[in-house]
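User: I have a structure open and would like to go through it. Can we take it piece by piece?

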Amino acid sequence: MTTETGEHGGAQRILSDPLSGREVIFAPSRTLRPGHFEARREPEAPDEAETCPFCEGREQQTPPELFALGAPKGRAPDTPGWKVRVVPNLYPAFARQQVVVHTPTHIRSLADVSDEQLVLIAESWAEAAERAWAEGFDHLLAVINEGKTSGASLPHSHSQLVWLEQAPPEVAAEAPRLRRDDCALCALLHDLDPALKLAERRLGDSTVSLAVAPTGRAPYELLIAPEDHLPDSFGNSELLAAALALAAEGARRLNAAEGASPFNLWLHNFQGDGHWHLELVPRLNIYAGIELGGGIFINTLPPGEAAARLREAPL
Ligand SMILES: [Zn+2]
Ligand SMILES: [Zn+2]
Ligand SMILES: [Zn+2]
């Protein structure tokens, strides 16, 4: 751990995130700068729901579906009746990039997706993973982008699944830190300040928890993980659904505390050893040269303050 001396003599401690090794500085005084926390979700456009290609009844406006869940037997592909629908991305950057449409009706945030739908969404991710493994791919990157500033192009709640031949750099960088015999995430959860924990869900013998990330790069950054050391979330989609439900609760608390907020959410899953988790990174601030050029993230909201605001937010 190192320190730097501020220009006014104050020392800001540079922290190292135990999962990623990313460097983070908490600098609450920077919230006084103009332009702080300006990014918000765009409101619903007047014709948005009437023209949305992801809504039930407009199946012809997406590429032909790969599969759908929750549909009655005998339903023809690309017709109404589905609960979750998986289609190829119309503008793919990768050989296999898919979109999971989370709901048949026009729901704009994971925060408003029901637990029943989240179970189907987790199942769809697991089903896609099985198909990816069968075709020789080694990693499925699942992400949810909400709001234009987070990179979302369509407001209807959806996730993106990218099939990769190997773990992407962020996952590969975490993997050695999350081995069973010396796992930084097991240690983090074990030693977690109870003030940072927001909620948990139990499923049989397993517990998944939702906490403010102790060394998050962004204000209100959330970490959702099973307390047991489990590498693969796709093998237990009920536990994954519980994690998504906690992410949805985190998003509801965030929206209640700050107004409708853009965010990125992703799953870090491990083939072999590792400890799967979701990371929810609100996009209320804009990353600048120190973050992108230096790799040092300045977070204006200390985790304890973030947790207090999220806990007290009126749901
Ligand atoms: Zn829609
Ligand atoms: Zn672990
Ligand atoms: Zn991670």
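**Rings and zinc sites**

Analyst: Let us start with a charge and a ring: the charged end of R22 lies over the ring of F297, 5.9 Å from the ring centre. Keep in mind that this is a predicted model.

User: OK. How many aromatic pairs are there?

Analyst: The count comes to three aromatic pairs. One of them is F137 with W163, which is edge-to-face, with 5.3 Å from centre to centre and 75 degrees between the planes.

User: Where do F137 and W163 sit in the chain?

Analyst: F137 is in the loop between α2 and β7 (139-146), and W163 is in strand β8 (residues 158-164). They are 26 residues apart, and the pair links distant parts of the chain.

User: Is F137 buried or exposed?

Analyst: F137 counts as buried because its relative accessible area is 13%, and buried means under 20%. W163 is also buried, at 5%.

User: And what does Y287 pair with?

Analyst: Y287 pairs with F297, edge-to-face, at 5.4 Å centre to centre and 75 degrees between the planes. Y287 is in the loop between β13 (277-282) and α6 (289-294), while F297 is in strand β14 (residues 296-299), ten residues apart. Both Y287 and F297 are buried.

User: Switching to metals. Which residues hold the zinc ion (ligand 1)?

Analyst: Its protein donors are C52 (SG), C55 (SG), H106 (ND1) and H156 (ND1), at 2.1 to 2.3 Å from the ion. Along the sequence these donor residues have the spacing C-x2-C-x50-H-x49-H. C52 is in the loop between α1 (48-51) and β4 (67-69), and H106 is in the loop between β6 (97-101) and α2 (115-134), 54 residues apart.

User: Why is H106 called buried?

Analyst: Because its relative accessible area is 18%, and the cut-off for buried is under 20%. C52 is buried too, with 3%.

User: What geometry does the site of the zinc ion (ligand 1) have?

Analyst: The site is tetrahedral, with angles of 104 to 117 degrees among the four donor atoms. The ideal angle for four tetrahedral donors is 109.5 degrees.

User: What about the zinc ion (ligand 2), which donors does it have?

Analyst: C183 (SG), C186 (SG), H229 (ND1) and H275 (ND1) are its protein donors, 2.1 to 2.3 Å away. The site of ligand 2 is tetrahedral, with angles of 105 to 115 degrees. The spacing of its donors along the chain is C-x2-C-x42-H-x45-H.

User: Where are C183 and H229?

Analyst: C183 is in the loop between α3 (169-174) and α4 (184-190), and H229 is in the loop between β11 (222-226) and α5 (237-258), 46 residues apart. Both C183 and H229 are buried.

Note on methods: Residues numbered from 1 in each chain as written. Chains lettered and ligands numbered in written order. Predicted model: local features only at pLDDT ≥ 70, side-chain atom pairs only at ≥ 80, totals over all residues. Heavy atoms only, no water. Donors = N, O, S within 2.8 Å, 3.2 Å for Na, K, Ca; no water. Tetrahedral: all angles 85-135°; square planar, octahedral: opposite > 155°, others 65-115°. Helix = DSSP H or I, 4+ residues; strand = E, 2+ residues; numbered from the N terminus. Buried < 20%, exposed > 50% of the residue type's maximum accessible area, 1.4 Å probe, protein only. Phe/Tyr/Trp six-rings, centres within 6.5 Å; stacked < 30°, edge-to-face > 60°. Lys NZ or Arg CZ within 6 Å of the ring centre and 35° of its normal.
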